Amino acid sequence: MISNRLSQRRDMSLLAIGLGTHIQSLPTGAKVGIKVLAAIFPESEAAIAAALRELERHGFLRRIRERVRGARVPRARSRTTTRGSPSSAG
């Protein structure tokens, strides 16, 4: 089920709406990083990154930076969660 609260937005770009709709259609645990999405779709990594930021700004997406445990060189990864309706923070 895809939320109409996302698919019928008029204050967001069509790219962000489409990307958010795609992400919501994926099974739990699916990878949704910029590079993964750029390998699937014809849009550039920069365009996809901007759309993900737009989804975050409107509260449909949340990305949390986590440190990778056991890595020799300190690094982090993002964990992404999506919502069918915007959070109150967005």
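1. The structure holds 2 salt bridges, a salt bridge being a side-chain nitrogen of Lys or Arg within 4 Å of a carboxyl oxygen of Asp or Glu. Bear in mind that this is a predicted model, where local features need pLDDT of at least 70, side-chain atom pairs count only at pLDDT 80 or more, and totals for chains, interfaces and linings use all residues. Residues are numbered from 1 along each chain as its sequence is written, and side-chain values use heavy atoms, with hydrogens and water left out.

2. Asp 11 is partly exposed at 46% relative accessibility (buried is under 20% relative accessible area, exposed over 50%, partly exposed in between; 1.4 Å probe, protein chains only).

3. The other joins the side chains of Glu 45 and Lys 35, at 3.4 Å from N to O. Glu 45 lies in helix H4 and Lys 35 in helix H3 (residues 34-40), so this pair ties together parts 10 residues apart in sequence. Glu 45 is partly exposed at 37%, while Lys 35 is exposed at 59%.

4. On to H4 itself, residues 45-57. Its buried residues are Ile 48, Ala 49, Ala 51, Leu 52, Glu 54 and Leu 55. Just after H4, Gly 59 has a positive phi of about 85°.

5. For the whole chain, count 4 helices and 2 strands (DSSP runs numbered from the N terminus: helices are H or I, at least four residues; strands are E, at least two). The order along the sequence is α-α-α-α-β-β. Of its 90 residues, 26% count as buried.

Notes
The expected span of a helix is 1.5 Å times one less than its number of residues.
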